[in-house]
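Please find below a colleague's note on the structure displayed here.

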Amino acid sequence: MDRISAYQRGNLDDITSQIGLIWDQAKYPLLIPLLKLLVTVCLGMSLMLFVERVYMGFVIALIKIFGRKPEKRYNWEPLKDDLELGNSNYPMVLVQIPMYNEKEVYQLSIGAACGLSWPSDRIIIQVLDDSTDPITKNMVEMECQRWGSKGINIKYEIRDNRKGYKAGALKEGMKHNYVKECDFVAIFDADFQPEPDFLWRTIPFLVHNPEIGLVQARWKFVNADECLMTRMQEMSLDYHFTVEQEVGSSTHAFFGFNGTAGVWRISAINEAGGWKDRTTVEDMDLAVRASLKGWKFVYVGDLKVKNELPSTFKAYRYQQHRWSCGPANLFRKMVREIITNKKVSLWKKVHVIYSFFFVRKVVAHIVTFIFYCIVLPATVLVPEVEVPKWAAVYIPTTITLLNAVGTPRSLHLVVFWILFENVMSLHRTKATFIGLLEAGRVNEWVVTEKLGDVLKNKLNSTKSFKKPRKRIGEKINMLELMVGAYLFFCGCYDVAFGRNHYFIYLFLQSLAFFIPGFGYVGTFVPN
C-alpha cells in the first residue's frame, strides 16, 4: 500500500512538474510580451479616459460657478398672445409617441401627451403603434379614441410591417399630409410622461433662435428606488445628463439626442436626411448628421421628464447591448463623413470623433472590462508584468469620484456601482466589438421591457405571494459565471503565491459576477 501511494505521489509530482515546465515555456516567449503589450495599451486608454473625465469635470464646474444656463446663452422669452393673429401666432407642434406592445405604460404616455398645455388647434398627438399583439393594439386604439372624443387632436397610425423598427415608425409618421403643417416635433417613448408646461419651456428656444435644431430635456426616473440595480443605473445616467450632455451643449452645442424627451425643428430633420435605420441608435445618427449641417443643440437640465428604468437584468442587458453596439457601428459608418465635412470647424470634428465617439463610446467600455477584469487579474498569475499604482488605484479612484458627483444621494453605494459597472462592461465591450466589426447581432433590436405598475399590482393582488421557480437555464448566465470563476481563481492564486495584494478586489469582483451569473439581480416579475 505504501509503495502504491509513493508511486501515485511520484506520478502527481511528475505531472505537476510537466505543467510547470509547459507554463514556463509558454510564459516567457509568449504570455509576458503579450501581457506587457496589453498593459501598455490599457494604460494609454486609461489616460485618455482620465483626461476626458477631468476635462468635463472642469467644464461643468465653470458652468455651475458662472451660471451658464441655456436661457442666458440663447434668446429665450415666453411666447405671448397676439390679439390680431390669435392662436396662429403659435407654431404648430407634432407630438410623436412610438410604441411596440406597451400594454403596461401606453396609458401613461398618451395621457401625459394629451395633457400638454398648448393651444388645442396648434398641436397634433401622433401615436405610432407597431404592436404585434392584437389585444394591446386594440387597447391603444381605444385609448386614442377616448382622448379624441374629448376634443384632443390625436392620430392613431399603424404600419403593415416593422421595417426599421423605431426609426421606420418615426419616418413613416412624418410622411402624413397633416405633418406638413407642423414646425416642430416632440418625441416621447411609451414610458415617458412630460409635465404640462414642457412645450412652453422648450419651444421658445426654437422660435427665437433659428440656428437651434434640437432642445433636449433631462430624464427623471420614477422607479430608481425599486432595487439596487435601478439605483446603479440612476448613478450612470445621472452622470450622463448632469455632465456629458451639459458639457456638450455648453461647449460645442452638440450632444447625442437621447431618442425621447426632446423637440426637433422639422426642417433640421429634413435637411439632415430624415430618420435612418442603418444602426440601432437612430437618434444619435440623426443628431450627428444634423450637427454636420451646422444645426445647434440645447440641453435644458432643469426640465425633467419622468420615465422608467429597466428593472429586470435581461431587459437591462438588451438595452446596454443596443446602446453600446449602435454608437460603435455608427462611428464606423460616419467617421469618414465627419472628417470630410466642410460646414463644421476642425475643433468640433475633433470633439465628435475623439471625445464623443472614440473615448466615450469605445475606449470607456473596452478599458473597463479588458483592463480591470482581464489584464489586471492576469498580472497576478504573471508577476513579471507589473501595473503602476497610479493606473491600478489613483486613476480609477479619480474617475469614480468624478462619476459619483452626478448622484450625491447614492455616494454610499459607489463601491457597489463600481463592481456592477465592471460586470456590465462585459456586455458593453462585446457589443462594442460587434458594432465595430459589424458582426452578427449588430442590428439586433429588442424593445426594452417596461413594467409600469405591473409588479406592484401583481404583488398586491394576493395576500401571500409565492415566488415561482425559474428553470435553471433561465437563471444561469454563463458569461458572468466564467469571468467570475477566472477572477476567483486569480484571487486564490494571489492569496497563496501573489505579491500584488489584489485579492480583496478580485474576490469582491468575482462575487459581483457570480450574483448576476446565477440570476440574483434586478426585479423578479411573476408571469
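**Note on the predicted model**

1. The helix pair α10 and α13 is taken up at the outset: α10 passes α13 in a right-handed crossing. A crossing is called right-handed if the near helix is turned clockwise from the far one by less than a right angle, and left-handed if anticlockwise. Helices (H or I, at least four residues) and strands (E, at least two) are DSSP runs, numbered from the N terminus.

2. As to provenance, this is a predicted model, in which local features need pLDDT of at least 70, side-chain atom pairs count only at pLDDT 80 or more, and totals for chains, interfaces and linings use all residues. Residues are numbered from 1 along each chain as its sequence is written, and side-chain values use heavy atoms, with hydrogens and water left out.

3. Helix α10 spans residues 313-340 and helix α13 residues 414-437; their axes come within 7 Å and cross at roughly 40°. Axes are lines fitted to C-alpha atoms, for helices over the stretch in contact, and angles run from 0 to 180 degrees between N-to-C directions. The two helices are therefore oblique to each other. The classes of angle are as follows: under 35 degrees is roughly parallel, over 145 roughly antiparallel, 65 to 115 roughly perpendicular, and the rest oblique.

4. The residues that join this pair include Y316, R317, H321, C325 and R332 on the α10 side and F420, E421, M424, H427 and R428 on the α13 side. By class, the contact of α10 with α13 has eleven nonpolar, seven polar and four charged residues. Contact here means heavy atoms within 4.5 Å. Ala, Val, Leu, Ile, Met, Phe, Trp, Tyr, Cys and Pro count as nonpolar, Asp, Glu, Lys and Arg as charged, and the others, Gly among them, as polar.

5. Helix α10 also packs against helix α7 (residues 228-251), at an angle of about 20° and with the axes 11 Å apart. The helices α7 and α10 are therefore roughly parallel to each other, and the crossing of α7 with α10 is left-handed. M229, Q233 and L237 of α7 meet F313, Y316, Q319 and W323 of α10. Five nonpolar and two polar residues make up the contact of α7 with α10, with no charged residues.

6. A further pair is formed by helix α9 (residues 282-292) and helix α11 (residues 346-381), whose axes come within 12 Å and cross at roughly 160°. That angle makes α9 roughly antiparallel to α11. The crossing of α9 and α11 is left-handed. M284, V288 and S291 of α9 make the contact with K348, F356, F357 and K361 of α11. By class, the contact of α9 with α11 has four nonpolar, one polar and two charged residues.

7. For the chain as a whole, there are 17 helices and seven strands. Of its 527 residues, 53% count as buried, the term meaning under 20% relative accessible area, with exposed over 50% and partly exposed in between (1.4 Å probe, protein chains only). Among contacts between residues at least 6 apart in sequence, 82% join residues at least 24 apart.

8. V298 lies in strand β7 (residues 296-307) and is buried, at 0% relative accessibility. Leaving aside neighbours within four places in sequence, V298 is in contact with P70, Y74, F205, I212, L214, V215, Q216, S249 and F255. The C-alpha atoms of V298 and G248 are 9.0 Å apart, at a sequence separation of 50 residues.

9. N223 is placed in the loop between β5 (212-221) and α7. With a relative accessible area of 9%, N223 is buried. Not counting residues up to four places away in sequence, N223 touches T230, N307, E308, L309 and S311.

10. G168 is found in helix α5 (residues 165-173) and counts as buried at 11% relative accessibility. Residues up to four places away in sequence aside, G168 touches R159 and K163. G168 and W275 are 107 residues apart in sequence and 7.3 Å apart in space, C-alpha to C-alpha.

11. How many disulfides does the structure hold? The structure holds zero disulfides, a disulfide being a pair of cysteine sulfur atoms within 2.5 Å. C182 counts as buried at 8% relative accessibility, and C325 is buried with a relative accessible area of 1%.
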